[in-house]
Every structure is written in C-alpha cells, then in structure tokens.
Amino acid sequence: MDRRLSLLLVSSLLAAALAAASAAEDLSAGDGDALIRQVVDDGGDGREGAPLSDHHHFSLFKRRFGRSYGSQEEHDYRFGVFRANLRRARRHQKLDPSAAHGVTQFSDLTPSEFRRTHLGLRRKVKLPKDANEAPILPTQDLPKDFDWRDHGAVTAVKNQGSCGSCWGFSTTGALEGANYLATGKLVSLSEQQLVDCDHECDPEEPGSCDSGCNGGLMNSAFEYTLKAGGLMREEDYPYTGTDRGSCKFDKSKIAASVANFSVVSLDEDQIAANLVKNGPLAIAINAVFMQTYVGGVSCPYICSKRLDHGVLLVGYGSAAYAPIRMKEKPYWIIKNSWGENWGENGFYKICRGRNICGVDSMVSTVAAIHTAEQ
Ligand SMILES: *[C@@H]1O[C@H](CO)[C@@H](O)[C@H](O)[C@H]1NC(C)=O
C-alpha cells in the first residue's frame with residue numbers, strides 16, 4: 001500500500017477510536033460513574049447513588065476481600081496503590097466500554113506485583129521437539145455458538161493464588177478436556193505436579209525453563225507430561241500454591257496421559273474448529289485489562305499483544321453490546337485461574353476478530369490417550 005495512504009488510514013482509524021471512546025464517556029457520564037455504582041452495589045450498605053470518597057471505596061474493598069495490613073505505613077501505602085488502581089480502572093473503562101472495569105481482589109496490588117504473583121507465562125524461545133502443527137480443519141459447518149461447559153468438559157474454576165503458575169492451570173484445563181473426550185470422564189488434574197516436577201527447558205536455550213511459581217509455558221508442560229507419562233489427579237497431588245516442595249509424582253497414580261499436542265495457526269476459524277473438535281484449548285493472552293475486569297465483553301480499542309498469562313479457551317458466542325447497539329459481536333469465552341469471585345464467575349469474555357490482546361497468537365491443542373478401561 002502507498003505509504004501516505006496507509007498513514008491516512010491509520011490516523012482516521014485512530015480518530016474513529018478516540019471518537020468512540022469519548023462517545024462512551026458521554027454515555028457513562030449520563031448514568032453516573034459506572035465504577036462507583038459497582039462499588040456501592042457490592043458494598044450493599046444502602047447508600048446507593050451517594051458520591052463516595054476513595055477512603056470509603058477502600059474500606060468497602062477491605063471488607064469485601066478480608067484485607068488487613070500489618071502496619072499503618074503498609075495500610076497507607078496500599079491505599080495509595082488502591083487509588084492509582086481506581087484511576088486505572090476508570091481509564092480501562094473508557095478504553096473498553098463494552099466491559100465493566102472496577103474494583104477487584106487485585107486492587108491493592110501494583111501492576112508489577114500483579115504480574116509477578118498472578119500471571120506466570122514465560123517467554124517462548126523455541127517449541128518443544130514433540131510439538132506438531134495442527135492439521136487444517138474444515139470450518140464451514142461450525143456452530144454459531146459453542147461452550148464446552150455445556151458439554152461437561154470443564155472442571156470448576158480453580159485459583160492459582162499468589163504464584164505465577166497460570167501456565168499449569170492452562171495445561172491441566174486442556175488435558176482435562178481432552179481426557180474427557182477420550183474417556184468420557186471429567187477428572188480434575190494436578191497443577192502442583194507441574195509446579196514441582198516440570199522443569200522442561202526450551203530446546204537450545206537451557207536458561208529458559210518451566211519454573212513453578214516463577215512462570216512456565218503450556219507447550220513445555222505438555223512436553224513434560226508426555227515424557228513423564230501423565231498427570232495425577234488433583235486430589236492425589238493437591239495444589240499448595242508454593243514451589244518450595246520436592247516432586248512427589250507417583251507414576252502408579254497417573255490419571256491422564258498426553259497422546260500428542262499441536263500448535264494451532266493464527267486463524268480464528270481454525271481456532272474455533274480445533275476447539276469444537278478437540279476440546280478446550282490452552283491459550284496465552286495479555287492480561288493488562290484483566291486486573292480491573294468485572295464483567296461483560298472485553299474489547300479494548302488498544303491492547304498490547306505481549307503475552308503474559310496462560311488461560312483456557314472453552315467456547316465462543318456473540319452478543320449485542322454497547323457502544324454499537326444492536327450489532328452482534330462475536331467473543332471468546334475464557335476460563336481463568338483466579339477463583340470464582342473474579343470476573344464472570346471466574347470466566348472472561350473477550351471479543352473475537354482482530355487478535356485482541358494477542359488472544360489468537362499462542363494456541364495449542366492436546367489429545368489424551370484413549371484408555372482401555374474407560
Ligand atoms: C493425536 O492423537 C489423536 C488421538 O490418539 C489422534 O487421533 C491424532 O491423529 C493425533 N494427531 C497427531 C498430529 O499425531
């Protein structure tokens with residue numbers, strides 16, 4: 001494309017995005033501060049509609065999430081962080097008007113504390129040697145909406161706690177689904193086994209390895225699981241959220257095994273086809289909007305594609321949502337690992353169509369071994 005033309009295109013796109021953002025701002029100004037309403041509603045103290053001070057927001061937050069701080073200094077510091085996060089949530093609300101942003105259980109964490117303790121996707125260097133490329137699937141007969149939760153392939157939402165083990169939860173989620181498809185049984189699998197035992201490194205890059213609460217990669221975890229023979233049940237190897245223990249893997253208690261795993265191309269129809277055919281998919285995403293996400297379909301005008309969080313793609317759907325009313329917009333349904341009190345009962349919706357927040361760029365599918373004694 002002619003350089004001037006493409007510059008023109010970029011600047012008009014930017015202008016459109018800014019116009020939409022300010023339109024959304026006008027809309028929300030009309031019906032009060034969405035953020036404040038949400039905090040007041042959740043506080044349930046009967047003062048709905050009253051303008052609240054940041055102090056009041058903070059006490060509601062502490063009560064709701066059972067926070068107490070060791071010293072006055074710590075308290076004051078956390079209050080400062082909380083206020084900065086309120087401002088951030090308001091900014092996110094303007095950039096992402098079709099979702100609701102506000103106070104979450106992470107509102108007293110700085111963005112870097114949040115990244116360190118609740119994400120955990122390490123940088124990808126090279127794919128493990130056993131990774132395949134997923135074959136291209138037909139896409140013409142895909143259902144309009146699809147959700148593996150309606151088909152019994154998704155376990156209850158789990159919580160990684162203060163540990164950068166997202167990659168382990170994404171891995172178990174995909175294998176739980178694949179195992180369900182292969183055996184007809186839904187078995188919750190052990191993340192702690194991955195945290196304690198999987199130290200798989202990238203080929204030709206020995207410094208870059210899965211390392212418990214300090215991060216890992218789903219494809220390396222599939223490679224580990226393939227080599228180890230499988231994963232134990234959650235109940236036989238329960239989650240502790242720390243990586244100070246030794247590996248307690250017991251080969252005689254394997255509950256699910258990997259047959260093979262494959263990388264899906266950056267193509268939304270292929271992603272949907274692989275999801276429907278093979279079960280929930282392990283995916284990576286940029287989680288910056290997730291720290292303040294409360295509900296709705298997240299569709300930020302601008303979002304980094306730097307991947308820092310591993311999650312599980314379980315379905316897709318479409319809905320008519322603001323700011324462009326009446327227009328159906330497709331979205332992905334994502335299972336997260338921050339407990340049921342985060343987002344929509346532990347789930348996240350993000351719009352489909354333009355690899356938003358990098359959601360389409362690291363997608364893997366796993367197949368489980370079909371056991372004889374199903
Ligand atoms: C992966 O394993 C499944 C189940 O055993 C099999 O149907 C499929 O062909 C395998 N895929 C690859 C790429 O080897």
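Predicted model: local features only at pLDDT ≥ 70, side-chain atom pairs only at ≥ 80, totals over all residues.
Residues are numbered from 1 along each chain as its sequence is written, and side-chain values use heavy atoms, with hydrogens and water left out.

Secondary structure is given as DSSP runs numbered from the N terminus, with helices (H or I) of at least four residues and strands (E) of at least two. Residues are called buried under 20% relative accessible area, exposed over 50% and partly exposed in between, using a 1.4 Å probe and the protein chains only.

The cysteines are described first. A disulfide is taken as a pair of cysteine sulfur atoms within 2.5 Å. By this rule the model contains five disulfides. With the bonded cysteines of the protein numbered in sequence order, the pairing reads 1-5, 2-6, 3-4, 7-9, 8-10. Cys166 takes part in no disulfide, and the nearest cysteine sulfur, that of Cys163, lies 9.2 Å away. Cys166 is buried, at a relative accessible area of 0%.

One of the disulfides connects Cys163 and Cys213, with an S to S distance of 2.1 Å. This link is left-handed, with -90° about the S-S bond. Cys163 is in the loop between β3 (146-147) and α6, and Cys213 is in the loop between β5 (205-209) and α8 (218-228), so the bond ties together parts that are 50 residues apart in sequence. Both ends are buried, Cys163 with a relative accessible area of 1% and Cys213 with 12%.

Another disulfide joins Cys197 to Cys247, again with 2.1 Å from S to S. The torsion about the S-S bond is about 95°, so the link of Cys197 and Cys247 is right-handed. The pair links distant parts of the chain, 50 residues apart: Cys197 belongs to helix α7 (residues 191-197), and Cys247 to the loop between β6 (231-232) and β7 (254-256). Cys197 is buried at 10% relative accessibility, whereas Cys247 is partly exposed at 42%.

A further disulfide is formed by Cys303 and Cys357, with 2.1 Å from S to S. The link of Cys303 and Cys357 is right-handed, with 115° about the S-S bond. Its ends are 54 residues apart, Cys303 in the loop between β10 (293-298) and β11 (309-320) and Cys357 in the loop between β13 (347-351) and β14 (363-368). Cys303 is buried with a relative accessible area of 11%, and Cys357 is buried at 0%.

The ligand is considered next. Its surroundings consist of Asn132, Ala259, Asn260 and Ala367 (a residue is near a molecule if one of its heavy atoms lies within 4 Å of it). The protein covers 37% of the 360 Å² of accessible area that the ligand has on its own, by the Shrake-Rupley method with a 1.4 Å probe. By class, this shell holds two nonpolar, two polar and no charged residues. In this scheme, Ala, Val, Leu, Ile, Met, Phe, Trp, Tyr, Cys and Pro count as nonpolar, Asp, Glu, Lys and Arg as charged, and the others, Gly among them, as polar. An N or O atom in the side chain of Asn260 is 2.3 Å from an oxygen atom of the ligand.

Helix α9 spans residues 268-278, and its buried residues include Glu268, Gln270, Ile271, Ala272, Ala273, Asn274 and Leu275. Elements that cover the buried residues of α9 include β3, β8 (258-264), β9 (281-285), β11, β12 (328-335) and β14. At the start of α9, a side-chain oxygen of Asp267 comes to within 2.9 Å of the backbone nitrogen of Asp269. Just after α9, Gly279 adopts a positive phi of about 105°.

Two single residues complete the description. Asn179 is placed in helix α6 (residues 166-183) and is buried, with a relative accessible area of 3%. Apart from its neighbours within four places in sequence, Asn179 is in contact (heavy atoms within 4.5 Å) with Gly184, Lys185, Val187, Ala255, Ala256 and Ala368. Glu205 is in strand β5 and is partly exposed, with a relative accessible area of 36%. The C-alpha atoms of Glu205 and Lys126 are separated by 8.0 Å, although these residues are 79 residues apart along the chain.

Note on methods:
Polar contact = N/O pair within 3.5 Å; in protein donor to acceptor, adjacent residues only side chain to side chain.
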